[in-house]
Amino acid sequence: MAACPPGEYPLSASPPTEVKTTTCYMCACRCGIRVHLRDGEVRYIEGNPEHPINRGVICAKGSSGIMKQVSPARLTQPLKRKQGSERGAGEFEPISWHEAFELLEKRLAKIRSTDPKKFALFTGRDQMQALTGLFARQFGTPNYAAHGGFCSVNMAAGMIYTIGGSFWEFGGPDLERARLFVMLGTAEDHHSNPLKIAISEFKRRGGRFVSINPVRTGYSAIADEWVPIRPGTDGALLLALTNELIAQGLYDREFVARYTNGGQLVVTDPTSPHFGLLATDEDADPINPLYPQNQLWWDRHSDGPCLTHTPDTDPFLFGEFTLPEGTHVRPAFQLLAERVAEYTPEWAEGITGIPAATIRRLAHEMGVTARDEKIELPIAWTDCWGHEHASVIGNPVAFHAMRGLAAHSNGFHTVRTLAILMSLLGTIDRPGGFRHKAPFPRGIPPSAKTPTGPEGVQPDKPLAGLALGWPASPEDLFVDDDGEPVRIDKGFSWEYPLSVHGLMHNVITNAWRGDPYPIDTLLIFMANMAWNSTMNTVEVRKMLNDRNADGEYKIPFVAVCDAFQSEMTAFADLVLPDTTYLERHDVMSMLDRPISEFDGPVDSVRVPVVPALGECKPFQEVLIELGSRLGLPAFTNKDGSRRYKDYPEFIVRHETEPGSGIGFLAGWRGQDGSKSMLGEPNPKQWDMYAQNNCVFHYRLPHSYQYMRNWNRGYMEWAQRMRVRRWGDPVIIHLYSEVLQRFRLAAEGKWSGRQPPERLRERVRKYFDPLPFYYAPLEAQVTDMEKYPLAAITQRPMAMYHSWDSQNAWLRQIHGHNYLFVNPRTARAARIEDGGWMWAESQWGKLRCLCRYSEAVEPGTVWTWNAIGKQPGAWNLAPDADEARKGFLLNHLISEELQHGGARVSNSDPVTGQAGWYDVRVRIYPAEETGVWPEFKVMKPYSGMRKTPLKWLAYVAGGRIER
Ligand code: SF4
């Protein structure tokens, strides 16, 4: 046999393979994987059959993690921008970690001791927000958030403010028992593999799957029925469906009466100071003032008012009543029915493009399936009012929705309407419907709060509250005495009161403008804010490079931590090289977003399966190091000395409060690892996870697995385990008293805080306690005749946004993107299939390639997100398809709008959710070829590998050149 070059083996002489388990991070789904290593290198990745999330299934991304490890785009050493070079030019010199830490420590210590809000920390789709949030709070800055504000905060807020839980990490469709499954605004999901498994099993069992989406891709491709809808109009459809359900009497009356606030009486006397609030019995014990339980029903038996859930009473859902002291009241359900009465299927047809007959048919199918195909499980349980139930009932209609509903400036009310529709069908935390995942359900809203004024930010002190919280009234806003924002992104201000995930998409623009104030240092972790994660890309890149008259950058210092050379890293003054997911410890924690299942809490970890490349350091370690150097209390001992050697030790030893027994991980707690959920730190906790597929799964008794909003056994368990602070029932808010409190303030009828004059009408309009439909803000300020088409993006199945732009295998699936146009629309515009075309919005235009597609409704054009690249970025060849033919729709989207006579974020006025999918365009043929706008070529940085010539040899079993 011929001798092999060093490091290469003929198959027959292959050295043995070692297999290690960890958790995938090629997308946010968190599947279990088995990584096969030979000679210290990753050679194969498979799904872990013993993992609860994916049960052995792996996707194209997951198995391509092997190429992430060897990507030529990897950063390998800390880099500092060369003196005299411009931001964006990507000219760096290597520095040591020691120098990098000294630089950051000096800068951050000065900020902390003077004005901590001048430090802003914003992170992308990281899975360690419990740590990044803790760091920001300990530092004392309010300016922290992760990607949620520009992702799907409307999904979280709209659902949690209504039912106390949400989709994806916090709950989902029970497809094991559902008969009808309706998916809205979802192409490919964060919950990717589990949903694929569940849908395939659901279809094999004969379930019917309806997909409502402007585009038929991803899951919709295997739907039994595709219902095309115009983007941003889902709210109109859902209101019309709700109208039909009520009009036809197809709602679950018993569920609505007992488990929602539909029977609760609302004060309808406009002269009353309590107008629009729920009537209460002031003499009765509210039990918990945060979530009072002294509201009133009008009892059908006695025909008089009574405390809700009084034994042997049953509320009227319709009617108009007068309380003994003369106050006029109506049940919330009556008000809901009156509200949706105007939203007929015929009205919705004109907005959504869905025929009225289809809307009626869908409403009927949902209502009849829920009513006539009930499931009864022989599981006894006791509700919060002491009633014992012999079984759990399920109405088997399940829904799932994601960013397609959320990423519109009318998304909050759309999602709230969906949650109301699901509640009317009686499907909340019931078999075959929507099921919660721990730590949800939570109180409405959850009790976590930010500080309420600028005094919450003090030099050398932790923030006096959380950076992100859940306002329940104007008193919870984070504003100054004039009602103006304290946060750089204006989160929790009167402009975006319920911005529970912040507004990352406005940070750079606001900091550049110095509105509400300039900052000093912006630290970005794994977010491509100079490219696909920002709106108005061209201008935002200029802002990052813009200077004051004195020559100082408007954002004086930008640090970026990432594993790869993205477009954003080029704008950094300091680049910190992160590790990949195969090189580090990580936790998917109950304190953050665990991988819980319907049957109980589940958390999981990553453990390193290969050493870190070059000088790469996990961002977690960077934060522990900085926290220790800066003397932040959570990271240091009383004498100021460092408390934790490293991140793994921090995870094991950190407790939410000294002696609380609650840490980042819930499994194998206690000195000997025998305790779960609560217990003293266990030094061997990491080993236990590593020996158990990196997963801890706590299965609740069956009687605690359903009806958790109102399940006494579950509530008591959750309180004991400190999953919940209180054990009160979580009544569904068909009618939102929280929103009404803000509306009363806007109308000058609230005794507490009032919005600034310029914002009164905005708050009054959008803080409606009942769901309503309005066109997205952008549509309201667009010439719809000139720009008749909606333009949207989707994340492809094979790439998680830009994460694998550099992945040699996945690039073979998506090397460039097209603008997909319905043939009728394209032909009318005289654009050829495969031809170059212009797409133009009121904000800008771009040149791209057209592809005809019947799988898109004619009023919409769409493309894959984040495939187009700046030439040379991610260490791709400058003439790679991603740069020559790929394009970014973001150039057509603005981060701000002129609306109501003022400049506002292009976001939902309730939550600050970025209106990504609201842009309107026109299209026409291009004479010239090639993508436009054009960008300069990025060059590789110091320490980056050359693109290997031997990709195929590597795949076949050879070793890659280093
Ligand atoms: S779905 Fe996501 S987490 Fe699961 S294997 Fe694929 S890339 Fe990995």
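Reader: How do β12 and β16 pair, and over how many bridges?
Author: In this predicted model, β12 and strand β16, which covers residues 328-331, pair in the antiparallel sense over three bridges. Within that pairing, Val267 stands opposite Val329 in β16.

Reader: Which strands form that open sheet, and in what order?
Author: The open sheet is formed by three strands in the order β12-β16-β15, and the pairing is antiparallel. β12 (265-267) and β15 (321-322) stand at the edges with a single partner strand each, so one side of each is left without a neighbour in the sheet.

Reader: Where is Asp312 placed, then?
Author: Asp312 has its place in the loop between β14 (304-307) and β15. Although Asp312 is not a glycine, it has a positive phi of about 65°.

Reader: Is Asp312 buried or exposed?
Author: Asp312 is exposed, because its relative accessible area is 72% and the cut-off for that label is over 50%.

Reader: And what about the phi of Met707?
Author: Met707 is not a glycine either, and it has a positive phi of about 50°. The loop that holds Met707 runs between β28 and α19 (712-720). Met707 is buried, with a relative accessible area of 3%, where buried means under 20%.

Reader: How does β26 pair with β27?
Author: Strand β26 (residues 586-588) and β27 also pair in the antiparallel sense, over three bridges. The bridge partner of Asp586 in β27 is Arg606.

Reader: How many residues of β27 are buried?
Author: Strand β27 (residues 602-606) is mostly covered, with five of its five residues buried. In a regular strand the side chains alternate between the two faces of the sheet.

Reader: Changing topic, which residues surround the ligand?
Author: The ligand is surrounded by Cys24, Met26, Cys27, Cys29, Arg30, Cys31, Ile58, Cys59, Lys61, Gly62, Ser192 and Asn193. The elements that give two or more residues to this shell are α1 (60-63) and α6 (192-204).

Reader: How much space lies in the second largest cavity?
Author: The second largest cavity holds about 300 Å³ of space. It is lined by 24 residues, and the closest to its centre are Gly185, Ala187, Arg403, Gly404 and Tyr917. The elements that give two or more residues to this lining are α12 (403-406) and β29 (789-794), and the largest share, three residues, comes from β29.

Reader: And the classes in the lining of the second largest cavity?
Author: The lining of the second largest cavity has nine nonpolar, 10 polar and five charged residues.

Reader: Where are Pro516 and its cis peptide bond?
Author: The cis bond runs from Asp515 to Pro516, with omega near 15°, and Pro516 is placed in the loop between α14 (507-513) and β23 (521-525). The peptide bond from Trp932 to Pro933 is cis as well, with omega near 5°, and Pro933 lies in the loop between β36 (920-925) and α25 (951-956).

Reader: One last check, what should helix α13 span?
Author: At 1.5 Å a residue, the 14 residues of helix α13 (residues 411-424) should span 20 Å, and the end C-alpha atoms of α13 are 20 Å apart, which agrees. Helix α13 is mostly covered, as 14 of its 14 residues are buried. Just after α13, Gly426 takes a positive phi of about 70°.

How values were computed:
Residues are numbered from 1 along each chain as its sequence is written. This is a predicted model: local features need pLDDT of at least 70, side-chain atom pairs count only at pLDDT 80 or more; totals for chains, interfaces and linings use all residues. Side-chain values use heavy atoms; hydrogens and water are left out. A residue is near a molecule or strand if one of its heavy atoms lies within 4 Å of it. Helices (H or I, at least four residues) and strands (E, at least two) are DSSP runs, numbered from the N terminus. The expected span of a helix is 1.5 Å times one less than its number of residues. Buried means under 20% relative accessible area, exposed over 50%, partly exposed in between (1.4 Å probe, protein chains only). On a 1 Å grid over the protein atoms alone, a cavity is a set of points where a 1.4 Å probe fits but cannot get out, and a pocket is an open set with protein on both sides within 12 Å along at least five of seven lines; lining residues have an atom within 4 Å of a point. Grid points are joined across faces, edges and corners, and a volume is the space filled by probe spheres set on the points. Ala, Val, Leu, Ile, Met, Phe, Trp, Tyr, Cys and Pro count as nonpolar, Asp, Glu, Lys and Arg as charged, and the others, Gly among them, as polar. Two strands pair if DSSP finds at least two bridges between them.
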